[in-house]
Amino acid sequence: MRIGVLASGRGSNLQAIIDAIEKRTLDAILAVVISNKAEAPALERARSYGTPAVFLDPKTTADREAYDRIILEQLRRYDVELVALAGYMKIVTSVLIEAYANRIMNIHPSLLPAFPGLAAQKQALDWGVKVSGCTVHFVTEGVDAGPIIRQAALPILEEDTEETLAARILVEEHRIYPQALQLFAEKRLTVEGRKVRIRENKSPHGASLLASDS
Ligand code: GRF
């Protein structure tokens, strides 16, 4: 499976994907990393790994749709089959969503549908919830609203700040994002309306790379 990652920032989830590929717990090729920020550390991580790192300047296009068309050109150029948003801070338009229907994933630092959008960890703390976590979902046109593939939950501690909570959630993000991608690579995901069905691994050799799944 050829993955294309879209990232705007530090790229720790991108790194988790690279590490999982290296450890062979994710059976995929990182085909290209694309960013809307020239200085995104994610691009540097891609270069160090030897993956093409492409900066596409949003200022050169008239609107979001035109920008997504140039992204689509790059994704096709690198034969990308699955797009992984990893800290990508732009709204994805129907141009990409239709071209890659049910083939774009995103990771979000809350238990969706609670706290979509920006600063999800702060939203959770401000609301006073006792449990939060992260969600991997397919991308649809609503923000953080697509069918849910995988979630991890963790307790919110009395002493948590936005930073400590974000750091603990991030550990879970790095665990479940490569897992969700591997489920896709194993063709075990089916989208039925709002739901994502996960087929059991019935291989007689028990070959799933998700053996230690929890
Ligand atoms: C992560 O918390 C992710 O859930 C959110 O943006 C952050 C990106 O972090 N969508 P990184 O760039 O992967 O380190």
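Tutor: Start with Glu192, which has a relative accessibility of 42% and counts as partly exposed. Keep in mind that the model is predicted.

Student: Why is Glu192 called partly exposed?

Tutor: Buried means under 20% and exposed means over 50%, with partly exposed in between. The 42% of Glu192 lies in between, so Glu192 is partly exposed. Arg197, at 43%, gets that label by the rule as well.

Student: What makes the contact of Glu192 and Arg197 a salt bridge?

Tutor: The cut-off is 4 Å between a side-chain nitrogen of Lys or Arg and a carboxyl oxygen of Asp or Glu. Glu192 and Arg197 have an N to O distance of 2.8 Å, so the pair qualifies.

Student: How do you know that Glu186 and Arg188 are bridged?

Tutor: Their closest N and O atoms are 2.7 Å apart, which is within 4 Å, so this is a salt bridge. Both Glu186 and Arg188 are buried.

Student: What is the separation of Arg47 and Glu44 along helix α2?

Tutor: They are 3 residues apart in helix α2 (residues 41-49), therefore about one helical turn separates them. Arg47 is partly exposed at 44%, and Glu44 is partly exposed at 44%.

Student: How many salt bridges does the rule give?

Tutor: The count is 6.

Student: Why can Glu65 belong to a surface patch of negative charge?

Tutor: Patch residues need over 30% relative accessible area and no salt bridge. Glu65, in helix α3 (residues 64-77), has 33%, so the area condition is met. The patch gathers Asp63, Glu65, Glu98 and Glu141.

Definitions and conventions: Residues numbered from 1 in each chain as written. Predicted model: local features only at pLDDT ≥ 70, side-chain atom pairs only at ≥ 80, totals over all residues. Heavy atoms only, no water. Patch = residues over 30% accessible without salt bridge, like charges linked within 9 Å, V, L, I, M, F, W, Y side chains within 5 Å. Areas by Shrake-Rupley, 256 points an atom, 1.4 Å probe, with all protein chains shown as cover. Lys, Arg positive; Asp, Glu negative; His and termini not counted. Charge placed at Lys NZ, Arg CZ, Asp CG, Glu CD. Helix = DSSP H or I, 4+ residues; strand = E, 2+ residues; numbered from the N terminus. Buried < 20%, exposed > 50% of the residue type's maximum accessible area, 1.4 Å probe, protein only.
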